[in-house]
Amino acid sequence: MAEFKWRKWNNILHRDIGYLVVAMTLIYGISGLAVNHVADWNPNYTIEQEFLTIPPVTGKDKDAIVHEVLDRLRLDTAPSNSFRPDPETLQLFFDKKTYTIDLPTGNVMVEHTRPRRVLYEMNQLHVNAPKRLWTFIADIFAVALIAMAVTGMFMLKGPTGLAGRGKWLIGTGVLVPVLYWVYHVNFP
Amino acid sequence: MNRKHFVTLGVSGVLLCAVVLAGPKNYGKKLTLKDKTKVSDILANPEQFAGKKVLVEGTVVDVCQERGCWIKVSSDKEFESIRIKVEDGVIVFPMEAKGKSALAEGIVSVKTYSKEDLIKQGEMHAKEEGTTFDPATVTGPKTVVQIKGEGAIIK
């Protein structure tokens with residue numbers, strides 16, 4: 001009976017799972033960097049503001065005010081909705097565009113919101129916004145990463161393998177989160 | 001199957017996707033309540049609704065820009081709105097929801113914040129929204145009424 005060459009199969013698994021998860025790893029890696037710095041920038045949308053001025057708006061009721069503002073802004077299309085957060089402000093909602101009008105002064109802020117191409121989709125997948133089937137796919141990816149980590153440890157033998165420098169590098173990798181957690185708990 | 005069939009199938013698929021994407025979108029858990037509560041009633045008598053599950057309807061007038069972790073829904077009365085706060089990552093509201101109609105369900109939360117807490121929150125929200133915040137605008141403790149969102153339909 002031929003000897004079972006476990007290392008050969010381990011390496012085949014590592015190689016082929018690796019190929020399979022290239023796209024997912026890039027998606028999670030790139031969006032991870034993007035989402036990790038959410039306090040410093042908006043990784044999902046570009047939001048551009050434009051400022052205009054129209055004469056002060058004098059209408060009394062909401063419909064009259066909306067009509068007057070649309071007329072003064074020379075907008076032909078009706079907004080999908082409008083809202084008055086306070087007596088002096090009117091908001092008009094269009095597709096990916098919001099007009100905020102300060103009625104007494106006529107100062108207008110136009111906010112254009114556009115999803116960042118590709119990055120938006122990556123981020124949505126990373127935070128599992130779609131739910132349903134994606135939860136299952138993301139679970140498989142997580143299992144695949146575990147398999148990659150485990151098979152990765154046993155790919156080589158000798159001085160570059162687990163028994164050699166591998167154990168020191170793995171130990172270093174273990175120490176990073178452990179030491180950080182100890183630091184975090186003691187110096188919150 | 002010839003090329004014509006492929007083209008027809010492809011176009012049908014794209015149209016179907018467009019129809020599906022353009023329709024109402026569900027977020028989070030399925031809505032369970034049938035009767036809607038007026039936002040104005042909640043804001044007028046928050047203690048009466050505290051801890052109770054409600055279904056509210058209104059226009060989405062604001063969305064959390066960074067995480068999509070809250071929306072503000074307009075009241076049936078002018079100058080009023082209520083925040084629907086969801087747990088980070090559990091529901092992610094897109095910015096495209098702004099201006100659309102929302103049906104949202106969740107538990108009413110009534111909490112009184114100290115002046116210091118309000119300043120901290122104001123600074124955090126200003127950072128999230130890329131706006132400025134003047135701590136001098138906070139004059140004292142304030143009761144904040146919001147809904148801990150569990151599910152929503154946006155159309």
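The buried residues of helix 5 of chain A pack against helix 1 (6–20), helix 2 (22–36) and helix 4 (119–126) of that chain. Contact here means heavy atoms within 4.5 Å. Helices (H or I, at least four residues) and strands (E, at least two) are DSSP runs, numbered from the N terminus. The model is predicted: local features need pLDDT of at least 70, side-chain atom pairs count only at pLDDT 80 or more, and totals for chains, interfaces and linings use all residues. Residues are numbered from 1 along each chain as its sequence is written, chains are lettered from A and ligands numbered from 1 in the order in which they are written, and side-chain values use heavy atoms, with hydrogens and water left out.

Helix 5 of chain A spans residues 133–153. Its 21 residues reach 31 Å from the first C-alpha to the last, close to the 30 Å expected at 1.5 Å a residue. The expected span is 1.5 Å times one less than the number of residues. Trp134(A), Ala138(A), Phe141(A), Ala144(A), Met148(A) and Thr151(A) are the buried residues of this helix. Seen down the axis of helix 5 of chain A, they fall within an arc of 145°, so they line one face of the helix. The arc is that of the directions from the helix axis to the C-beta atoms. On the other side of helix 5 of chain A, Phe136(A), Val143(A) and Ile146(A) are exposed. Buried means under 20% relative accessible area, exposed over 50%, and partly exposed in between (1.4 Å probe, protein chains only).

Chain A also holds an open sheet of 5 strands in the order 1-5-4-3-2, with antiparallel pairing. Its edge strands are strand 1 (45–53) and strand 2 (81–86), each of which pairs on one side only. The twist averages 20° from one strand to the next. Two strands pair if DSSP finds at least two bridges between them. Strand 1 of chain A is joined to strand 5 (residues 107–115) of chain A by 9 bridges, and the two run antiparallel. Within strand 5 of chain A, Glu111(A) stands opposite Gln49(A). Helix 3 (residues 62–72) of chain A packs on the sheet. Helix 3 touches strand 2, strand 3 (89–94) and strand 4 (97–102) of chain A, and its direction makes about 65° with that of strand 3. Axes are lines fitted to C-alpha atoms, for helices over the stretch in contact, and angles run from 0 to 180 degrees between N-to-C directions.

Trp41(A) sits in the loop between helix 2 and strand 1 of chain A. At a relative accessible area of 33%, Trp41(A) is partly exposed. Beyond neighbours within four places in sequence, Trp41(A) contacts Ala34(A), Arg116(A) and Leu119(A). Most residues other than glycine have a negative phi. Val118(A) has a positive phi, near 65°. Val118(A) lies between strand 5 and helix 4 of chain A, in the loop, and counts as exposed at 53% relative accessibility. Arg132(A) likewise has a positive phi, about 40°, although it is not a glycine. The loop between helix 4 and helix 5 of chain A contains Arg132(A), which counts as exposed at 75% relative accessibility.

Strand 1 (residues 25–28) of chain B runs antiparallel to strand 6 and is joined to it by 4 bridges. Asn26(B) has Ile153(B) as its bridge partner in strand 6 of chain B. Strand 4 of chain B runs parallel to strand 6, with 3 bridges. Here Arg83(B) stands opposite Gln146(B). Strand 5 of chain B pairs with strand 6 in the antiparallel sense over 12 bridges, and Lys111(B) stands opposite Val144(B). Gln146(B) counts as buried at 15% relative accessibility. Leaving aside neighbours within four places in sequence, Gln146(B) contacts Ile82(B), Arg83(B), Lys85(B), Ile107(B), Val108(B) and Ser109(B).

The largest nonpolar core has 26 residues. Such a core is a set of buried Ala, Val, Leu, Ile, Met, Phe, Trp, Tyr and Cys residues joined through side-chain atoms within 4.5 Å. Among the residues with the most contacts inside it are Ile42(B), Ile84(B), Ile147(B) and Ile154(B). Helix 2 (39–44), strand 2 (53–63), strand 3 (70–74), strand 4 (81–85), strand 5 (101–113) and strand 6 of chain B each supply at least two residues of this core. Apart from this core lies another, of 15 residues, including Ile65(A), Val69(A), Ile101(A) and Val110(A).
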